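Open your viewer and get ready to select a few side chains. We will take the stops one by one.

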Amino acid sequence: MTLGQILDLLHHPNVVNMDSRTVLACLLASASSIVRPGDGAAAAFAAPPYASGEDAFLSPVQVRSWLTERKSAYTLATRAIPLDSVDGWERGADAIRRPDGRYFSVVGVEVHAGNREVSDWCQPLLEPRGIGLAALVVRRINGILHVLARADLRPGCRDTVELGPTVQCTPENYEGAPRETRPRYLDLVLSRSVKVRYDVVQSEEGGRFRHAQTRHLVVEVGGGFPARTPADFCWLTVPQAMALARQSYQVNIEARSLLLCLHAL
């Protein structure tokens, strides 16, 4: 398939899987070295709205300094504990879940497959409560398209913090929660005050998750939206974000997936 054909498929839900989206985002990040002048795909990277350089809100050095500072701003310590020592969860006949139904369940499955290296096995799967949300806020600064990225702290990250989408959460987990406890910009991306550029539900990895889906959302805000951001957020051009994706442990899966969807536009 051509790259254009695959990008077209990103406008349909649950067609291009998570692993493919992640690898293709890395392909686009390295496009300058693999796309020859005159190739049809080159237009996706040379279009003026994606230009980088002196018109970028921050220089590449400033972007790198911001992310490095965010990585050093947090200390994260984790330790393994016995399953029966976990508070707030209960074990049933077919799942481990929270009594309030939030977040996710751990379910056991027996698998029979005719096209895998092993034909049958048993394993646990994480089953999310609802459809997740990965949203990217974009706006033009100096005529150049910028994305509002977040320094995302996750307990499983090898380097503590990675570049993530503007918003990454499961909205159902925050139903009825006080405004101050809701993720920053969640209400903005779900409001009617933004211009929706991309809104498609995509599947997550099926080898560890059961029926996990994430709504991929790209919304555009106008020039009146503040250019100054909270400490954990930063305006980057698309090439600046893609440049970070060429390095290990810098850009998380959801952000890479959204950057690919952005190219589908």
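**Stop one: aromatic pairs**

Across the whole structure, a search turns up 4 aromatic pairs; rings of Phe, Tyr and Trp (its six-membered ring) pair if their centres lie within 6.5 Å, and planes under 30 degrees apart count as stacked, over 60 as edge-to-face and the rest as tilted. Select Trp89 and Phe104: this pair is tilted because the ring centres are 5.0 Å apart and the planes stand at 45°. The pair links distant parts of the chain, with Trp89 in the loop between H5 and E1 and Phe104 in strand E3 (residues 104-112), 15 residues apart. Helices (H or I, at least four residues) and strands (E, at least two) are DSSP runs, numbered from the N terminus.

Before moving on, a word on the model. This is a predicted model, in which local features need pLDDT of at least 70 and side-chain atom pairs count only at pLDDT 80 or more, while totals for chains, interfaces and linings use all residues. Residues are numbered from 1 along each chain as its sequence is written, and side-chain values use heavy atoms, with hydrogens and water left out.

Now colour by accessibility. Trp89 counts as partly exposed at 25% relative accessibility, and Phe104 counts as partly exposed at 32%. Here buried means under 20% relative accessible area, exposed over 50%, and partly exposed in between (1.4 Å probe, protein chains only).

**Stop two: around Trp235**

Next, select Phe225 and Trp235, whose ring centres are 6.0 Å apart with planes at 90°, so the pair is edge-to-face. Phe225 lies in the loop between strand E10 (213-220) and strand E11 (233-237), and Trp235 lies in strand E11, so the pair ties together parts 10 residues apart in sequence. Are these two residues, Phe225 and Trp235, buried or exposed? Phe225 is buried, and so is Trp235.

Then show Arg139, whose charged end sits over the ring of Trp235, 6.0 Å from its centre. The test for this asks for NZ of Lys or CZ of Arg within 6 Å of the ring centre and within 35 degrees of the ring normal.

**Stop three: Asp94**

Go to Asp94, in the loop between E1 and strand E2 (95-97). Asp94 is exposed, with a relative accessible area of 54%. Leaving aside neighbours within four places in sequence, Asp94 is in contact (heavy atoms within 4.5 Å) with Val106, Val107 and Gly108. From C-alpha to C-alpha, Asp94 and Val106 are 8.6 Å apart in space, and 12 residues apart in sequence.
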